[in-house]
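Here is a short briefing on charged side-chain pairs. Look at the sequence and the model first.

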Amino acid sequence: MENISNPLVLIVEDEPAQLEVLSYNLGSEGFRLLQAMDGEEALLLAEEQEPDLIVLDWMLPSVPGIEVCRQLKSKSATKNIPIIMLTARGEEADKVRGLNTGADDYIVKPYSINELIARVRALLRRTRPSGVGATLEFGDIQLDSEMHRVTRSGHPVKLGPIEYRLLMTFMEKPKRVWSRESLLDRVWGQDTFIDLRTVDVHVGRLRKALKFGENPDPIRTVRGAGYSLDFEG
Ligand code: CA
């Protein structure tokens, strides 16, 4: 399993061969990946998963990349996600148009994969300064992603790998309500098919592990919506 503290990148590309090349190369650089093959799917995934960065092809069926970009940048949940646009068009006017829509960077096809990776890294350094190995904190809960260590009120908390990944996801965006489907995609992976009740079981285990002594339950069940890390249960 890749490290959950590695940045999550959404690749939006309708050509399967291109998608595969991008996924292979970004995956071997250690990025966690989400894939979308059209604009609608991209919008849904971006909103649901809040990736750390989006690589977005300009030429897409139905909703073009530039419209996807415009919509992402107009919504509060997704407007801060950095976007790199990929395009076959090299004209300066298109570049300006892309950047005007809010794209953070722009690469013309055919591009070198090394250049793309360098741009992805540069953009993430700008937007995700805490980076890998940071300690996340929520109330009296601390998660050290470098040491893979969790403490609550200074006491070590022992977690299984799934519970650790769940907590990491929660702590990356405290108070955000996660649907069971989005937790499944994020923690188990987009291509796994497991029962949603499995998510409940592992959230239950995480809750139990964190709720010791006088410590309040930090996980809120939001009926019909999912779970969030929030003391105001
Ligand atoms: Ca395309």
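Predicted model: local features only at pLDDT ≥ 70, side-chain atom pairs only at ≥ 80, totals over all residues.

Residues are numbered from 1 along each chain as its sequence is written, and side-chain values use heavy atoms, with hydrogens and water left out.

**Overall count**
- The whole structure holds 17 salt bridges (a side-chain nitrogen of Lys or Arg within 4 Å of a carboxyl oxygen of Asp or Glu).

**Glu47 and Lys75**
- Glu47 and Lys75 form a salt bridge, with N to O at 3.3 Å.
- This pair links distant parts of the chain, 28 residues apart. Glu47 is in helix H2 (residues 39-49), and Lys75 is in the loop between helix H3 (65-74) and strand E4 (83-87).
- Helices (H or I, at least four residues) and strands (E, at least two) are DSSP runs, numbered from the N terminus.
- Glu47 has 36% relative accessibility, so it counts as partly exposed. Lys75, at 29%, is also partly exposed.
- The cut-offs are under 20% relative accessible area for buried, over 50% for exposed, and in between for partly exposed (1.4 Å probe, protein chains only).

**Glu50 and Arg176**
- The closest N and O atoms of this salt bridge are 2.9 Å apart.
- Glu50 and Arg176 are 126 residues apart.
- Both residues are buried.

**Asp217 and Arg207**
- Their side chains meet in a salt bridge at 2.7 Å, N to O.
- Asp217 is in the loop between helix H8 (196-210) and strand E10 (219-222), and Arg207 is in helix H8, so the bridge ties together parts 10 residues apart in sequence.
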